[in-house]
Amino acid sequence: MIKVQANCSSRMTDEEMQSVRGMGIEYLAVNFLPDAVDYDSVMRFKERAEKFDLSIADAGCPALQKCPQIHLGKPDREEWIGKYNDFTRVLGKAGIKVNYIAWQPNGIFRSRIGVGEHTRGENAMICDMDELNARPIANDRVYGEKEIWDNFKYFLDRALPVCEEADVRLALHPNDPPVESVCGVHSLIWNTECFKRAFELAGNSPYLGMKMCVGCWLENQAFGDLMEDIRTFTEQKKIFVVHFRNVSATIPYFEETLLEDGYADMHAILEQLVRCGYDGQLNIDHPFFNPDGKGMSRMSEAYFMGYMKGMLASVERQIRKEKENGGTVR
C-alpha cells in the first residue's frame, strides 16, 4: 500500500508536526540541515516526531546531496564524500533506511519564481529554456558528459559499500529541468536510459534506486514513457520515493501548477502506481510559494496534500471494489 509522507526540514516545529498528524499523515521526508546531521541531532528529531506518531521514512542533507565538490570532482571531494558517508552511517544507526542524492551541483534550474498564466495568481516555479540557455555558464568552466559520469562512478565506488554496511539505500533524483545540459553542466539523469545506465554502473545493487519525480518525466516528453517506466521500475524494485507534481506543458517553457491544472492526468498516474503494486513513499513536490516568494506556502502545501490524498483514496477504493467483484486488474 502506498504511504503518503510530508516534506520537512530538521527545523520543523512541534506545531508543524501536529499539523501533519492532523492531515492523517504518518511519515516524514526530512532534509537535515548541516547543523543537524550528527547522530544525537537526528535522534532528537526522530524522538520528537514519534511523540506526534510520525516516522521518518527517508532523509537527506541538501549540502551533501547536491554537493558541487562531489559532483564536479573538486580537489576536496574526498572530504565531502566522507561527510556524505558519515551521514549515511548516522541514518543507518537511527533506523532511517533511505538517503537522498541529486546530481545537481547548482540545484534546480528555474527562470523565476512568480505568477504565470497557469498559476491562478500564485507564485510558482517557472522554467523558460530560452532564458536558461542564454545565461553564462554556472561554474568555473564547462563540465561534459564523460566527466560527470566519471565523477558519479567515483562517488558510487566509495558510497555504496557504506550503504550496504549501514543498510541504507540511495534514492537518486533526476536533473531538473531534464535536459542534456544546462548552464555549462551536463546532466547525469535526464531520461530513463540515464537511470538504467546509473543502475548498471552500480552493478544493479539493490542499494541504488530512484526518486521518481513525476514532474521531471512530464517536463520533457523525451524523458521516457512514464506509465511504462512506473511498471518497469516497480517490478525491478527501483522506485524508493515518488514526487508528485504537474506542469502546464513540456519544455521549452512550463509552469508548475496545481495538480488539477497541468496537462497530465494525475489520477491516471496514481492509478498506474497502485495497479503496478508500488508500495513506497509518495509526497507532493513544490506547492506554491508565499506571496513574498520566500518559502513554500503551508496553506498551498495542505491543499496539494489533501487533493493528492483524495485521489489516492479514490483509486484504491476503485481497485479494491474491482477485486471484490472479481474484476481483472490491468
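A: Happy to! In this predicted model, the chain holds 12 helices and 14 strands. Its radius of gyration is 19 Å, close to the 20 Å that the globule rule gives for 330 residues, so the chain is as compact as a globular protein of that length. Of the 330 residues, 55% are buried. Among contacts between residues at least 6 apart in sequence, 73% join residues at least 24 apart. The accessible surface comes to about 14200 Å², with 49% of it belonging to carbon and sulfur atoms. As for charge, the chain has 39 positive and 50 negative charges, and their mean positions lie 3 Å apart.

Now to the sheet you asked about. Four strands make up this open sheet, in the order S5-S6-S13-S12, and their pairing is antiparallel. The edges are taken by strand S5 (112-115) and strand S12 (246-247); each has a single partner strand, so one side of each is left without a neighbour in the sheet. In general, strands of a sheet pair through backbone hydrogen bonds, in either a parallel or an antiparallel way.

Strand S13 covers residues 253-257, and two bridges join S12 to S13, with the two strands running antiparallel. If you want a spot to look at in the 3D view, find Val247, which stands opposite Glu256 in S13.

Note on methods:
Residues are numbered from 1 along each chain as its sequence is written. This is a predicted model: local features need pLDDT of at least 70, side-chain atom pairs count only at pLDDT 80 or more; totals for chains, interfaces and linings use all residues. Side-chain values use heavy atoms; hydrogens and water are left out. The radius of gyration is taken over C-alpha atoms; the globule rule is 2.2 Å times the number of residues to the power 0.38. Buried means under 20% relative accessible area, exposed over 50%, partly exposed in between (1.4 Å probe, protein chains only). Contact means heavy atoms within 4.5 Å. Accessible areas come from the Shrake-Rupley method with a 1.4 Å probe; for residues, only the protein chains shown count as cover. Lys and Arg count as positive and Asp and Glu as negative; His and the chain ends are not counted. The place of a charge is taken as NZ of Lys, CZ of Arg, CG of Asp or CD of Glu. Two strands pair if DSSP finds at least two bridges between them.
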